[in-house]
Structure formats: C-alpha cells, structure tokens
Amino acid sequence: MDSKKKTGWGWMLLCLVVALGIAAWWVYRSGFGVSKPVSIYIDTDDTVDSIAQKLEKTAVPEEMRVFHLYADVLNLKDKIRTGRYEVTPEMTMLDFVRNIRNHNEKPIRLVVPSVRTMDQMAGKLAPQLMVDSASIADYLRDEAKVKDLGYTKESLPGMFVPNTYEVYWDVSVEKLMERMKKESDRFWTSERQAKLKEVSEYAGEEMTREKVITLASIVDSETAHDPEKPTIATLYMNRLRKKMALQSDPTVIYAVRDFTIRRVLNEHLKVESPYNTYQNLGLPPGPIRVPSIAGIDAVLNHGKNDYLYMCAKEDFSGTHNYAVSYGEHQRNARRYIQALNAKGIKR
C-alpha cells in the first residue's frame, strides 16, 4: 500500500473515531430543554413507554432515543421505582434513568389542612399523594390502627397539626400516619406542655393536651379571626370554671353533621349527642375539627376576662360581641337575629 492510501485510511479512521467520540459525547450529555425544574410522577402501573410519554409532555427531552437507549442498557423496565422525580436544566437522560433505578426521588410539600372530619382530611391529602382517598379514609376509620397510634376515633383529629411537611409522594398510608403522629408529638414542646398546669388552674379542671385540642377546635369553629381567639378561649374556660354549659353553636352543628347550617335553631339544640354542649356539661368527647396552631396557642396563651357570653356581630364581619351578663347578651343576640332576618337567613 503506497503512502497516499495509508494516509487516506488514516484520515478516515481518525474521522470515524472523532465522529464516534462526538456521538458518544452527545449521547452522554443529551438532556432536557427545560428552563426550570419540573416534576415527573411515576405510579405503580407506569412502564418505560408511559414514562417516555410523561417526559415528552413535560420535560422537553432533546432526544427520546437516548432515553430508550439508557432504559434498555440499564434494564429500567425491571427497576421502575414509584415517586416524584425532578428534571432540571442541567440533568442528563442518564441522570434521570439512574434516579429512577436508585429510587432517588424528591419530596413534595404536603399541606395538612384544618378540616371538620376525617373523611374531609382524606379528601384533601389524597390529591397531593400517590395513595387514593379511599385508602386513607379506610385507615382513619380502622379503630385498631387508630388505637395503635395512641388515639380513639373521637380524639384522632387532634393528631393532625395543620402545616406544610416534606414527604415522599409515594409514601404509604401507614408511614404517613406515623409521620403525623411524630409531628404532633414534636409540636407539643416542653414549653407548650408546661402551660397545661396554668390553663388547668384557670379552667378549674385538669386540662390535658387532648382537652386543650378539643377546646381549640371549638375556638377555631367560632372564628377565623386569630386575634379574637384568646378572648374566646378565655370565655369558654370561664364557663368551665363556673360549671356552666359551654353552649357552643359549632358543637351543635357538628352533632347534627350538617355543616351548611348558618342559623342554629331550637330544633338543633335538642339533638341528642355527646357533642351537643347545650345538652351536656363540659367539653365534648373530642375535637369538632382539626384545630389550627393559632387555636391551640390561643388556649395555652389565653388572657383574662370576665366574659361568659358571645354573639356574632350583626355586621357579619366574623367577629363577636361579648357580654358578662345575660341581659347584655340578649341585647347583642337580638341585634344579630334582626340582621339574620333582614338578610332572609332562615337556617
């Protein structure tokens, strides 16, 4: 072979090596055209093809053939792990496939709300998680499982502390409830626990953590106006101390289980239920909703007043008129009833 042919073959080989190198580099560096992180949610029934469809819809992949190449090489079809996976501007296809294989998922920010019932809680949590609402609701209705957490069906709403928590999207119901229990215990710091003694002295009876939560749920149900909550908490403790029925309308609404009621009538007050504080002395057997942090702290950090009566203001502002005497309360109530009548609110 003469020198010219050798030189030609040499250049061809060099070009081939360079081309292969460029192709390998392109495959290795192939990623996504996103400008900010996006999330890909992988469920139990996902396959390599369905993951590819989610990538095409959300992550602007540079070359889907590269994803399928890595999926085949790394045997992704047998290593798919559920979860929320993040695609970032600097991420490569190889990074993404490895994250799924290694279950390197990203947590979500789970919002735990203040709701009236455990079924409502299931309905609010499920859309944020892989698990469905029926599974959460079934767990919360299971008295044996609830007992294992240290609660009863009556006290269970007190386990939830409304806040935002980092959890994995594919967390199981069991693990989620264990986490909620830990967060509840963490919320009840030694500082909060220490305040129970003073609250008990003011209320004239032992105010356990559970009783504080129950009272806080009533306070939250009376008003959404946080500055007013300590005043209402004190009023109800004044009634507890004097052995007066709490006569809280929200407890009656809870007993009737009709949360559309805007006007509590005499027929509602007669309902037989341990939650009806017109018919029973003391606090109800458990919270009438998941209380807010502001509601709990309003009870623990209550002020002092002599109020025994409260009535919603006639301006429908959501705040209240307070009274020490029943006569004064009746005058406040008449103004509110007149306002209800004027607006045609009958129930």
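V212 lies in helix α10, which spans residues 209-222. The model described here is predicted. At 0% relative accessibility, V212 falls under the 20% limit and therefore counts as buried. Not counting residues up to four places away in sequence, V212 touches W188, L196, V199, M207, I296, V299 and L300. The C-alpha atoms of V212 and A298 are separated by 9.7 Å. Along the chain, V212 and A298 are 86 residues apart.

V212 also belongs to the largest nonpolar core, where it is among the residues with the most contacts. That core has 61 residues. Beyond its neighbours within four places in sequence, L129 is in contact with I108, L110, V167, Y168, W169, V171 and L176. A second core, of 24 residues, is separate. It includes A52, V66, L94 and F96. In soluble globular proteins, nonpolar side chains tend to be buried together.

The helices are α9 (residues 190-203) and α14 (residues 293-300). Their axes are 9 Å apart and meet at an angle of about 50 degrees. This angle lies between the limits of 35 and 65 degrees, so α9 is oblique to α14. By class, five of the contact residues are nonpolar and three are charged. None is polar.

Helix α10 also holds T214. With 4% relative accessibility, T214 counts as buried. Leaving aside neighbours within four places in sequence, T214 is in contact with L283, P284, G286 and P287. T214 and E154 are 60 residues apart in sequence. In space, the C-alpha atoms of T214 and E154 are 9.9 Å apart.

Helix α5 covers residues 118-125. Its buried residues are M118, M121, A122 and L125. Seen down the helix axis, these residues fall within an arc of 100 degrees, so they line one face of α5. The cover over the buried residues of α5 includes the strand β3 (108-112). It also includes the helices α6 (133-141) and α8 (173-187).

H268 lies in helix α13, residues 266-269. Its relative accessibility is 10%, so H268 counts as buried. Setting aside neighbours within four places in sequence, H268 is in contact with V252, V256, I261, R263 and N276.

The loop between α12 (249-256) and α13 contains R257. Although R257 is not a glycine, its phi is positive, at about 60 degrees. R257 has a relative accessible area of 47% and is partly exposed. F316 likewise is not a glycine and has a positive phi, of about 55 degrees. F316 is found in the loop between β5 (309-312) and β6 (320-323). With a relative accessible area of 31%, F316 is partly exposed. Most residues other than glycine have a negative phi.

Technical notes:
Residues are numbered from 1 along each chain as its sequence is written. This is a predicted model: local features need pLDDT of at least 70, side-chain atom pairs count only at pLDDT 80 or more; totals for chains, interfaces and linings use all residues. Side-chain values use heavy atoms; hydrogens and water are left out. Buried means under 20% relative accessible area, exposed over 50%, partly exposed in between (1.4 Å probe, protein chains only). Helices (H or I, at least four residues) and strands (E, at least two) are DSSP runs, numbered from the N terminus. The arc is that of the directions from the helix axis to the C-beta atoms. Contact means heavy atoms within 4.5 Å. A nonpolar core is a set of buried Ala, Val, Leu, Ile, Met, Phe, Trp, Tyr and Cys residues joined through side-chain atoms within 4.5 Å. Axes are lines fitted to C-alpha atoms, for helices over the stretch in contact, and angles run from 0 to 180 degrees between N-to-C directions. Angles under 35 degrees count as roughly parallel, over 145 as roughly antiparallel, 65 to 115 as roughly perpendicular and the rest as oblique. Ala, Val, Leu, Ile, Met, Phe, Trp, Tyr, Cys and Pro count as nonpolar, Asp, Glu, Lys and Arg as charged, and the others, Gly among them, as polar.
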